[in-house]
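Here's a quick briefing to read alongside the coordinates. Grab your viewer and have a look.

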Amino acid sequence: MFQLSDLYLLAPEISLVLLALVVMVIDLFTKRRIVIATVSLVGLIVPVGFVIAQAVTYTGPRTALFRMLVVDQYSLFFRVIFLIIAAFMVLASYNYLGKYIKAEGEFYVLMLFSVVGMMLMASTGELISIYIALELTSFPLYAMAGLLRSSTKSSEAALKYVLLGAMSSAILLYGFALLYGLTGTTDLQGIAQSFKSFGNGNLMVIVADVLIIAGFGFKISAVPFHMWAPDIYEGAPTPATAFFSVGSKAAGFAALIRILVYGGLWQADLTPLIVVLGVVAVLTLILGNFAAAVQTNIKRMMAYSSIAQAGYILVGVVATLTMSQKNHTAASSGIAAVLFFILVYVVTNLGAFSGIIALSNLTGGEKIEDFRGLWHRSPLLTVCTSLCLLSLAGIPPVAGFFSKVFIFTAAWQLGQPWLVIIALLCSIVSIVYYGRIIKVMFFDAPRKEERLVAPISLSTTITLATAALLVLTVIVTVVLDAANPAALSLFASLLGK
Amino acid sequence: MPLTAYLIVSAVIFTIGVIGVLIRRNPLIIFMSIELMLNAVNLSFVALSHFLDSVDGQMFVFLVLTVAAAEVVVGLALIVSIFRTRHNIDVDEMNVLRG
Amino acid sequence: METALPVFIYVTLAILFGLLVMAVTGFLGPKKPSPEKLAPYECGIQEIAAPKRRFPVKYLLTGMLFIAFDIEIVSFYPLAILLHQLKLFGLLELLVFMAVLMVGYVYVWRKGAFTWE
């Protein structure tokens, strides 16, 4: 039954909804961007405080609101990630909004609502609420893609996004319907219990899983469902693109892993599914990396690069599923690597995108050649952006290197050596295209000589992101200590009983 | 009637919806096809909920209905905003962006 | 049952007569179609404006807002069934739901979406 302590467990989301509503009302009365942005940023302290309080007083997984809400280390980990995204987005979009978008208040409100949905996606243990959370995440994203109202590109991108997004959630729902039909419940713990009795070769289980993975495939832009990403990334306002590339992806993986692992689907024999997912991972890696290498527009390149990054994460997911039946504890190392990878990816990509927002704002172009010789014109921005790109490529001193190493070793140990080899080869390709931008920025002759001065909000964002990246590099073991129990907590729905 | 009958009808409607999304070019008709897919899912949920004797499935249908309405509203708003600048909403004509 | 029989015969005859008259006029009547007669709202005079006119965009906006607020009422239906079991919690939840919806309503109103011109 409902207890007051349930509200405390839901407090981060509740306070974030209230914050969004407050920002919405403020937007009615003032047109001053600084007020709206400050309120959003300061207001974020409340949900952050609640999450920290929950993490500090954590004693074990708890469920609330009729088992719809699950507060375990996994959901706390993702709540932190999404709140980081929200804070970065407020800062990174501030300057861009003033320049290109008339609807500043709307942007923040939509972003905050979407973050609420993302947090819920990671922390619900029930199919209906996962669906609602997914749509709460997606609708603001659709609108954000179309906020650049004068640009045809932007509204086209938004319409494509709505159509494909709506279709993908319909496919996902069909998977949910089959899962509900198989197990008779929408509660993931109940589903996990009834999957104990499913033997080998139940075709419907595989069909349901494939539909669910196809549905989430759109959100995480895995390969057969990736075609929306480059178009929408290019057409949408750049801060919105940054938000799609990290938020939608992290939330999609959070919910997918929650269903596959916490929902105990691995207890049935999933060999065909593992083959399918493995093929998807390989295709995602190959297409993402090779297509990124031939792009001339930097936003399209980042779109393909984010597809490629989804491929690495999928390798970790496949590895976990391969081993889950035999050994939970070992299998959880795959999820831990995925969690670490997602955290690093979020910070790095936000940094790289704030760099791109700043540089393309200043130079007025989005082509890679517009970035020529920026080292001479804006050294700080160039260095920070380059560090983020190096991390995305997985070059040793930066955190991105460790996140790739963890995923690859986990996948190797869990029995997917071929995937690791393919992923390694693809990362070599990725060094080429990330390196090309760095080369253009540092070694090519600049178009003009005059210095570029980035607005304070953007230079703060990118410095913060780079600093966070370097800190992550130093405290790798600390983060892993948080990621390991978070991964293991997903198996708790079964081990506890 | 057996449960299978409902599920087959639902699968057929769902497939018609998918085909509609893939081959039709008008966004409004694509929206209708998506609506068809969602209602096929709803039919499965209601049938399963009746045969499993649990109300969860019916709750799912209510929420799918409300969310689908919101989805259509977002879509229509975007169509209106495109129409204002273009006076044409054919998906094939949208070629400023090409994958 | 016997009293209903005359009524039944009467209705059948009436329908048959109607069909017969329509068929006979179809056979016997002169057919001289002209553009005016074939127009959708034919009444003898030439139309002054094209009948196919677009709805104003404003109408679409109102329609969309109507759909959004209208369908939310569905959420009350399960609550209405369970209200006796949920007691105060259910009522509070209803109020919270309404409050959030009202913020949205006020927002739309203040943004001027309800003013026609």
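This is a predicted model: local features need pLDDT of at least 70, side-chain atom pairs count only at pLDDT 80 or more; totals for chains, interfaces and linings use all residues.

Residues are numbered from 1 along each chain as its sequence is written, while chains are lettered from A and ligands numbered from 1 in the order in which they are written.

**Chain B on its own**

- Chain B has three helices and zero strands, taking helices as DSSP runs of H or I with at least four residues and strands as runs of E with at least two, numbered from the N terminus.
- Read from the N terminus, that gives α-α-α.
- Of the 99 residues in chain B, 34% are buried (20 or more other C-beta atoms within 10 Å of the residue's own, with C-beta atoms placed from the backbone).
- Take the contacts in chain B between residues at least 6 apart in sequence: 45% of them join residues at least 24 apart. Here, a contact means C-beta atoms, placed from the backbone, within 7 Å.

**What the record says about chain B**

- An unreviewed UniProt entry lists residues 6–23, 28–48 and 60–83 of chain B as "transmembrane region"; such annotations may be inferred rather than shown by experiment.
- Residues 6–23 of chain B are 100% helix, with end C-alpha atoms 26 Å apart.
- Residues 60–83 of chain B are also 100% helix, and their end C-alpha atoms lie 34 Å apart.

**Chain B against its neighbours**

- Ala, Val, Leu, Ile, Met, Phe, Trp, Tyr, Cys and Pro count as nonpolar, Asp, Glu, Lys and Arg as charged, and the others, Gly among them, as polar.
- With chain C, 11 residues of chain B touch 11 of chain C; the chain B side has 10 nonpolar, one polar and no charged residues.

**A helix pair in chain A**

- The axes of H6 (104–123) and H12 (238–262) of chain A come within 8 Å and cross at roughly 25° (axes are lines fitted to C-alpha atoms over the stretch in contact, with angles from 0 to 180 degrees between N-to-C directions).
- So H6(A) and H12(A) are roughly parallel, the label for angles under 35 degrees.
- Residues in this contact include Met111(A) and Met118(A) of H6(A), plus Phe243(A) and Arg258(A) of H12(A).
- By class, the contact of H6(A) with H12(A) has eight nonpolar, two polar and one charged.

Terms used:
Angles under 35 degrees count as roughly parallel, over 145 as roughly antiparallel, 65 to 115 as roughly perpendicular and the rest as oblique. Two residues are in contact if their C-beta atoms, placed from the backbone, lie within 7 Å. A residue is buried if 20 or more other C-beta atoms lie within 10 Å of its own, exposed if 12 or fewer, and partly exposed in between; C-beta atoms are placed from the backbone.
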